[in-house]
Number of protein chains: 2
Amino acid sequence: MAEARKAKGTLTIYDVATRAGVSIASVSRVLNGRASRPDTQERVMRAVRELGFVPDGAARALSNGLKEVVGVVFRRGGEAFFQDELESLLFIDVINRGIEVAAQRQGFDVLMSSVGVREDNLDNRIASIAGKADGLILHDRMLSAVGVARLAESVPVVTLAGSASPASRNVRCDNEGGMRQLVRHLVLDHGYRSLAYLSGHADSPDNRARQLAFEAEASAHGADVASGPDWQGDYSAEGGTQVIAAAIDSGRPLPRAIACANDQTALGVMHALARRGIRVPDAVAVTGFDDVPVARHLQPPLTTVRQPIMELGQTAFDVLHSEITRLGGVHDVVLPVQLVIRESCGCAPHPHGAQEP
Amino acid sequence: MAEARKAKGTLTIYDVATRAGVSIASVSRVLNGRASRPDTQERVMRAVRELGFVPDGAARALSNGLKEVVGVVFRRGGEAFFQDELESLLFIDVINRGIEVAAQRQGFDVLMSSVGVREDNLDNRIASIAGKADGLILHDRMLSAVGVARLAESVPVVTLAGSASPASRNVRCDNEGGMRQLVRHLVLDHGYRSLAYLSGHADSPDNRARQLAFEAEASAHGADVASGPDWQGDYSAEGGTQVIAAAIDSGRPLPRAIACANDQTALGVMHALARRGIRVPDAVAVTGFDDVPVARHLQPPLTTVRQPIMELGQTAFDVLHSEITRLGGVHDVVLPVQLVIRESCGCAPHPHGAQEP
DNA sequence: CTGAAAGCGCTTACAG
DNA sequence: CTGAAAGCGCTTACAG
């Protein structure tokens, strides 16, 4: 291995120093923009240019304790059964873009690491990434609360979804507030009395928060809520279709409105209902959560709760960055959400002054 | 900075060694799966587990000359004027996903670094990434041929688009073959006699190759080709609309068919034509290049040349990886493309047995 | 199989 | 402002 780089003729700061006729300390100083005499600076820069020298990041990192890299870990599914899932920027992608944008502003780069749905040794993968970065951003459902807590002992960690542990920070959206608004719209504005919450992964903190808020608010307004294993999805469109198919096959009447744990699930639900000839929203209303880009292009356009997705990513980076640089600061960040009323809930096109930005 | 990590109680291999009652060499061996007595192994693993030790990637990289990281550099535009551009997985995103998938197979992680459209000091940014990675994948138009050649002196480089230099490798698609097929379809099958090539960035090797092939093939079949600065786009949808707007305003008749440098440009062209009430394909036929996910959803569905985009990314990684590990091998890889006939060229829905995969 | 020691390429007090 | 030297946390011949 080492010979691979040797063969490339790996240049070091020593080569530059020799060529410039100065010490390696001076080279380092010039390279890092510390004060030095103009002519020293000039000679070093010329040597760097002529040699095409690129300082080794690993050596820098080892020496000064900063890699200027944050790791992002997420699951990429073999779960895509729908064209829309394969083609669109989904929740994760938009968040990652936000992280990247914020990182760039601080001169950090982003180490992306997707793990398979059925990754055998997740812990090792994550440890490997942790070793290559100054801190980690973990998407939803990457690690248990204990797992996060343990990891956070050795490296700064920010989770998306969930809640802060003593050692880690968390950034999420206001699931509860969003769900409450949504339920009120369905129950009070539309008068639906029978509802269902089609859940995401059972081990997702976001999902649990949404479910709890949903059920509490619905009961408070006297609506019926179907729940239980029959309404267990997995955040994917395919999961949504399967739940609907089973519900229809069971012969039991469908609830008047189905609130899905996220937009992808709603996408699958709407496909499944359409295939069975059940009209949305006339027979069954459907809603989502996230407001991913495709939501507005579904037929009918999806009523959902908008999370500020890009901002979620940017905030996650900023929190992590201040942790890495020990500026310290906030623990838990909760970003506001917004009910976006389109047509899948039963509203007429563009009611309530719902603006498409 | 350093104290930031200290305070976290940064553990080293020495801590593990002490706790396990062995030397650091033994710890290292166990961690790297080299032979050692079962009880040594056990004690080390236990110490690692109990301490929550994560080996430092920078130190490993410095010591053995391998970071297990590849850098990917690309431009992310503030160029998005169309919803579709913001929402969809575009060419770059799909390629990056391919890179990531291939990297994961080799235990590598991917350092993503997007540079702004108007990045002031591109060279420094790229050098910084080069220092953090074992090798670089450069998207189209990141660096001039000279720039690439110089960079490749100090680090393995694979470019997407362009051609291999003595020191760098290149992976691209068969632009020429694709364009030839496309022109033949337009001229021979449809009988169009006046064509235009709406170009991408003038400094893009892919664009140049497509343009040359287009003009050569069109002339060979006796068709007229409009070109020159009036037909200069920039790979973006907005660029496409501007060219069309100007062309219409000039009062000169439009060509019968417009071949765009890529799908995004075609997207803009079709919007612009629609806005002026010019029907596609009846009045003017439009074609793209790439076959990005949205292409089939345009109205009318876009006839284009499909590149195996994911595969492009995977291949780029594989070539880079074999370069990094000195397995050596291929220089230049050219992947085959496929003419995808939809309706924007003037064909009826699903003619020619064109299959949607 | 194991341990002591050198070395990877930088940065940064410390003297001068 | 500059240079000599130590040290960052690993891996890997080299002896034993």
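A: The model is a predicted one.

The contact itself draws 45 residues from chain A and 44 residues from chain B. On the side of chain A that touches chain B, at least two residues each come from helix H1 (2-7), helix H5 (57-64), helix H6 (83-87), helix H7 (91-105), strand S2 (109-115), helix H8 (122-132) and helix H9 (145-154). Sorted by class, that side of chain A has 24 nonpolar, 11 polar and 10 charged residues. Of the interface residues of chain A, 98% are also interface residues in chain B, so the copies meet through the same surface.

Strand S2 also pairs across the contact. S2(A) and strand S2 (residues 109-115) of chain B run in the antiparallel sense and are joined over 3 bridges. Within this pairing, Leu111(A) stands opposite Leu111(B) in S2(B).

For DNA strand D, at least two residues each are supplied by helix H3 (24-31) and H5 of chain A together with helix H3 (24-31) and helix H5 (57-64) of chain B. There are 27 residues around DNA strand D, and those that come nearest are Ser36(A), Thr40(A), Ile13(B), Ser28(B) and Ser63(B). By class, this surface has 12 nonpolar, 11 polar and 4 charged residues.

DNA strand C likewise has 27 residues around it, of which Ile13(A), Ser28(A), Ser63(A), Ser36(B) and Thr40(B) come nearest. Here H3 and H5 of chain A, together with H3 and H5 of chain B, are the elements that give two or more residues. The surface near DNA strand C has 12 nonpolar, 11 polar and 4 charged residues.

The largest nonpolar core has 204 residues, and Val70(A), Ile137(A), Val70(B) and Ile137(B) touch the most other members. Leaving aside neighbours within four places in sequence, Ile137(B) is in contact with Val70(B), Val72(B), Ile99(B), Val158(B), Leu160(B), Ala316(B), Phe317(B) and Leu320(B).

Key. Residues numbered from 1 in each chain as written. Chains lettered and ligands numbered in written order. Predicted model: local features only at pLDDT ≥ 70, side-chain atom pairs only at ≥ 80, totals over all residues. Contact = placed C-beta atoms within 7 Å. Helix = DSSP H or I, 4+ residues; strand = E, 2+ residues; numbered from the N terminus. Nonpolar A, V, L, I, M, F, W, Y, C, P; charged D, E, K, R; others polar. Pairing = 2+ DSSP bridges. Near = placed C-beta within 6 Å. Core = buried A, V, L, I, M, F, W, Y, C linked by C-beta atoms within 7 Å. Buried ≥ 20, exposed ≤ 12 C-beta atoms within 10 Å, placed from the backbone.
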